[in-house]
Structures are given as C-alpha cells and as structure tokens.
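Open the model in your viewer and keep the selection panel at hand. The stops below go from the chain as a whole to one interface, and then to the ligand.

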Amino acid sequence: MSMSNKTIKGFSKLNKKRKIEWIAENFHEDPDSIIELLASFWHPDESQQKILDGFSENTISNFAMPYCIAPNFIINKKAYTIPMVIEESSVVAAASAAAKFWMKRGGFRATVINTLKVGQIHLTCDQDENEIRKFFEENKHKFKSSCKELLKNMESRGGGIKNIGLVIFKEENEYFQIRMAFETCDSMGANFINSVLECYAKEFIDTHIKVYGEKSRLQIIMCILSNYTPECLVRSEVCCPIEELGEVADLTALQFAYKFKKAVRIAEIDPYRATTHNKGIYNGIDAVVLATGNDFRAIEACGHTYACRDGHYRSLSHCTIEEGIFKFWLEIPMALGTVGGLTNLHPLARISLEILENPSSRELMMITASVGLAQNFAALKSLISTGIQKGHMKMHLSNVLHQLKATEQEFMLAMDHFRDKIISHKAVRDFLNKLRIDPSKGSVD
Ligand code: MEV
C-alpha cells in the first residue's frame, strides 16, 4: 500500500464508525475482526461511552488497563484501601506487601509541607531592567484587580494568587517573566491558573501601551502554568528500631538495614541507578494518580525536575540509621486535585476517590506519596535480598500461561514445574505442548 493511501484529510470530521472503518481498511488484513475487537471494548452503556469519548479527540475505542486494589495502608494512623491503575505485574503485589509490612510497625507518617502552584507570564521588552521593574511594582495590584471575577470563587475557598514577582534572566536579553504562586485548594487548578495568567497579561500589556504609547514594545510570548511545583511538597516516612525489621530472606535485621541504606545511598549519588530507583517510586505514584483521574505526566515531570534541583539527578527517597532507628522517607512535589477535571468526570476516578473516602487534595498528596514510598521499599527489599526476578517471574509465568490459554490444571502443574527453573515464553510453551501431548509429563521433568 502506498504512503498516500495512509494519509487522510478531515479524519476528525468522520463519525466513529467511519473512523474505525478507515483504520480497519488501511491497517489490518482482516478489517472485520479489528472492527469487532475495537467495538468489543466500547462501554455497553452509550451515555458512559459518550463521557469517555469526550475526554479526547478521534476516540475509536477504550484502552483497558487493570484497575487494582492495594489494601492495608496505614497512613497517619488511618487505614486506607488504595486503588491503582497499572499494567506492570507485581507492582500492586509489592505495594500491598510493603503496606502490610509497615502496618505492623506503625504505618506511614505523612505531612504536607506546602501546597503552592506556579504560573508564568513570559514577555519580551526592550526597556531596561529598572524601568520594567518600576512599571511592574507600580501596577501589579491593578493587574491583579483586573482578574477579580476569575479570582472571586477561589478566594472564597481560601485560594487565589499568593505571590507575584518579576524574574530577570541574565542569560537572555529583553526577556522578563512574571511568576505567580497560586493556592488552588482541592482542585489541580490548571484551567484556573491559565485563565488568571491570560487575564493578568492582557491588563499588563494594555497598561503598558497606555503608559508608553508608541514606545511600548512589549510582547507577551506566552502564559502558562509551570508543572514544576517545588512548593507543593509532601513528605512520607516510615521508621522503626532495626530489630523490628526482622529477618529478610537470609539477612539479619541489622544486615538488611545497612544493605538497604547503602542501596538508597547509591541512588543518591549515581543518576543511572537514581533513574531506576525513582521509576520504581513512580510505579506506585502514577498508578494512584491515574486511578484518581489526575495528570501523571505533570506529576512525573515535576518529580524528576525536583530530583535534580541541585544540578545532579538523585534519589527522591532517603534513608538513615541513627541510634538503632531505621528511617526511610520520601519528599516529593505533587500537585494533585480531588475536584474538577477528570477526577469527577471519569466514573472510575470517582469510585477511586470514594474508596479513599473522599480525601482532600492534601490528604491525597499524603496517600500517594506513601504509596510511592511503599513501592520503593518493596523494590529495594527484593533487590537486596532475593533479587527482583523471583517475584517478577512468577507474575510473568502467570501472564504467559493466560496468554497460552492454560487450563486450571495446566496452570497448577506449570507453577509447580517452574518453581526452580528459568522462565521464558518458549520454555512455558514447550512445557504446555509436552503436557498437551502427554499429560503424564506434567508431573516429571
Ligand atoms: C521496575 O518497574 C522497578 C524497579 O526496577 C525499581 C528499582 O529498581 O528500584 C524494580
């Protein structure tokens, strides 16, 4: 098929059926089967499907992901059951195991350090630094008043603009930035922040033209929130006397504690290890962020920037052993919302918030950070004791068996057979094939 057949004008104007037909005709050898498959993932309730379609453009089906539960999280003495959306096997099992481990040792202690979000107006102007600063200082409250209507609601809930400053970058001539700190209460606040910025910028430029007339050569480059929110910060911590850690595989509690601390230290100094270490943290965080209808790309981007705030990419978690006390904690920026956006629109996000007993955004920050810490603890615990593959491979075996449509009996025999063997797709297929030809092979090597 030539390239030209695979481009299309006006795809967005086609109805869903025609969009699917075009995909089927152009990208599948058996168009009927792909049409059937895509349709099989539609929600049976048309009104629910309409809601899902509305989240994006050119929607042709729903992409299913496992919606899972990690129970037994004790956070600030309260028990939580955590909804998680994740496709990676063993993440939920690991989070649950870590939650259970710490449940017996006092649980997670979490605190919100601050909840400020950031918005930026980027502008160019050929005035010198002192002149633009004078203009800004003289008028900044007037600019803010022009956003009164937009701010009213948020201010009545205790939010709004908390700080406004002019930022000057020495490395770029004629470029200035107005940076604002916002409190957006329980909403993530992206639309609110962007609307306020645009309104503020308009008044800024209108006033500049009024004051400087012809000479005003000010240009707004863009107005947009920043996803870097180092002042929207949460901390979660676990700690216990070393001996309470107990034996882990063949490690004594003391050996485990020091090996664990060393593993965290490696991630504090080596960006290669830090990236994987932090990825493990986001295995848990992203899963909760997705389940609650928040923006996992924003949360991750922010965390990784924070991880290299001193110019060197480092671990987001830390560990100390002092006076016999093992302490492990995570400090992480996290701009989450529990009202507005997808949090209330997506039917499963709504259920997730119900399962979490309708937390405030502050509470959700503490829950999510604790899941990240649990995930990190579980990963390091495996890595420094049994190795990660033991648990992973068990889940992998189960996935391969499902894929090969193993019966319950075959499933049990395979689990037993591979207990002490290397698992690969081929090895599992060969095992099943042998078993299917001669069932007596299931009990022997
Ligand atoms: C795998 O998704 C995550 C881990 O690699 C994290 C880590 O190495 O700390 C197990």
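Which domains does the domain assignment give for the protein chain? This is a predicted model, and its chain is assigned domain 1 (3-54), domain 2 (72-114 + 234-385), domain 3 (117-226) and domain 4 (391-441). Colour each of these ranges separately; domain 2 needs both of its segments, 72-114 and 234-385.

**Domain 2 and domain 3**

Select domain 2 and domain 3 and hide the rest. Taken over C-alpha atoms, their centres are 36 Å apart. Next, show the contacts between the two: 7 residues of domain 2 touch 5 residues of domain 3. Together the two domains bury about 520 Å² between them, and carbon and sulfur atoms account for 56% of that area.

Now pick out Ala335, Val339 and Ser361. These three provide 60% of the area that domain 2 buries against domain 3, more than any other three residues.

**The ligand**

Move to the ligand and display the residues around it: Glu88, Arg273, Thr276, His277, Lys279, Gly280, Asn283, Ala379, Leu383 and Ile388.

- Glu88: a side-chain N or O atom at 2.6 Å from a ligand oxygen.
- Lys279: a polar side-chain atom at 2.7 Å from a ligand oxygen.
- Asn283: a side-chain N or O atom at 2.9 Å from a ligand oxygen.

Finally, show the surface of the ligand. On its own the ligand exposes 300 Å², and the protein buries 86% of this area.

Note on methods:
Residues are numbered from 1 along each chain as its sequence is written. This is a predicted model: local features need pLDDT of at least 70, side-chain atom pairs count only at pLDDT 80 or more; totals for chains, interfaces and linings use all residues. Side-chain values use heavy atoms; hydrogens and water are left out. Domain bounds come from an automatic or database domain assignment. Contact means heavy atoms within 4.5 Å. Buried area is the accessible area (1.4 Å probe) that two parts lose on being put together, summed over both. A residue is near a molecule or strand if one of its heavy atoms lies within 4 Å of it. A polar contact is a pair of N or O atoms within 3.5 Å; within protein, one must be able to donate a hydrogen and the other to accept it, and residues adjacent in sequence count only if both atoms are side-chain atoms. Accessible areas come from the Shrake-Rupley method with a 1.4 Å probe; for residues, only the protein chains shown count as cover.
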